Amino acid sequence: MSCELVQADGKWLLTEEAFSIYAPCMYRPTYEKYVGEMEGYLADKAVKVFEYRRCGRDAGILVLDLGGPAPEILGIAVAGNCRKLGIGREMIAQVMRREKLDRIIAQTDDDAVGFYRSCGFNTVRGGVRYPGGEGGGEKRLLWGGDGIQ
């Protein structure tokens with residue numbers, strides 16, 4: 001089975017197909033909100049957006065910010081028909097190898113804590129709230145390394 005993580009094509013990222021994959025990791029997603037978010041990521045030189053292809057089809061998106069004190073996953077999503085196949089875990093592992101990272105952090109709501117823990121993240125309370133204060137109960141999660149708060 002052919003699988004690969006590649007830097008996402010900006011044109012594809014602004015399509016309805018990409019939105020359908022990424023929407024579940026957004027708060028109250030709309031296509032317009034998604035496009036604005038992706039255009040911001042594409043304009044930011046510290047942010048890389050990856051797409052995961054499985055058997056030639058787009059199956060996931062991972063957004064990584066390399067501009068902070070530690071690399072941070074800003075968003076990760078897997079196409080509905082590809083969930084529970086280990087693709088999210090594989091995307092994180094591949095981006096860490098590709099970018100030569102020894103640690104990575106992510107923020108999430110309660111719904112995804114189990115996923116991150118299954119990938120080896122440790123939970124640290126007191127994470128930063130999502131933009132606009134939209135989510136509740138956020139947690140800062142750390143994978144590898146130490147000392148990140």
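Biologist: Is Glu4 buried, partly exposed or exposed, and why?
Modeller: Glu4 counts as partly exposed because its relative accessibility is 37%; buried means under 20% relative accessible area and exposed over 50%, with partly exposed in between, using a 1.4 Å probe and protein chains only.

Biologist: What kind of model am I looking at?
Modeller: The model is predicted, with local features needing pLDDT of at least 70 and side-chain atom pairs counting only at pLDDT 80 or more, while totals for chains, interfaces and linings use all residues. Residues are numbered from 1 along each chain as its sequence is written, and side-chain values use heavy atoms, with hydrogens and water left out.

Biologist: Back to Glu4. Which element is Glu4 in?
Modeller: Strand S1, residues 3–7. Helices (H or I, at least four residues) and strands (E, at least two) are DSSP runs, numbered from the N terminus.

Biologist: And which residues is Glu4 in contact with, leaving aside neighbours within four places in sequence?
Modeller: Glu51, Tyr52, Arg53 and Gln94, where contact means heavy atoms within 4.5 Å. Gly56 is 52 residues from Glu4 in sequence, and their C-alpha atoms are 8.8 Å apart.

Biologist: Why does the span of H4 agree with what a helix should have?
Modeller: Helix H4 has twelve residues, 87–98, and at 1.5 Å a residue it should span 16 Å; the end C-alpha atoms are 16 Å apart, so the two agree. The expected span is 1.5 Å times one less than the number of residues.

Biologist: What follows H4?
Modeller: Lys100, with a positive phi near 55°.

Biologist: Whole chain now. How many helices and strands?
Modeller: Five helices and seven strands, in the order β-α-α-α-β-β-β-α-β-α-β-β from the N terminus. Of the 149 residues, 43% are buried.

Biologist: How much of the contact set with a separation of 6 or more comes from residues 24 or more positions apart?
Modeller: Such pairs account for 55% of those contacts.

Biologist: Last topic, the second largest pocket. Which elements each supply at least two residues of its lining?
Modeller: Helix H2 (16–22) and strand S3 (57–65). Among the lining residues are Glu17, Ser20, Arg57 and Asp58. A pocket here is an open set of points on a 1 Å grid over the protein atoms alone, where a 1.4 Å probe fits, with protein on both sides within 12 Å along at least five of seven lines; lining residues have an atom within 4 Å of a point.
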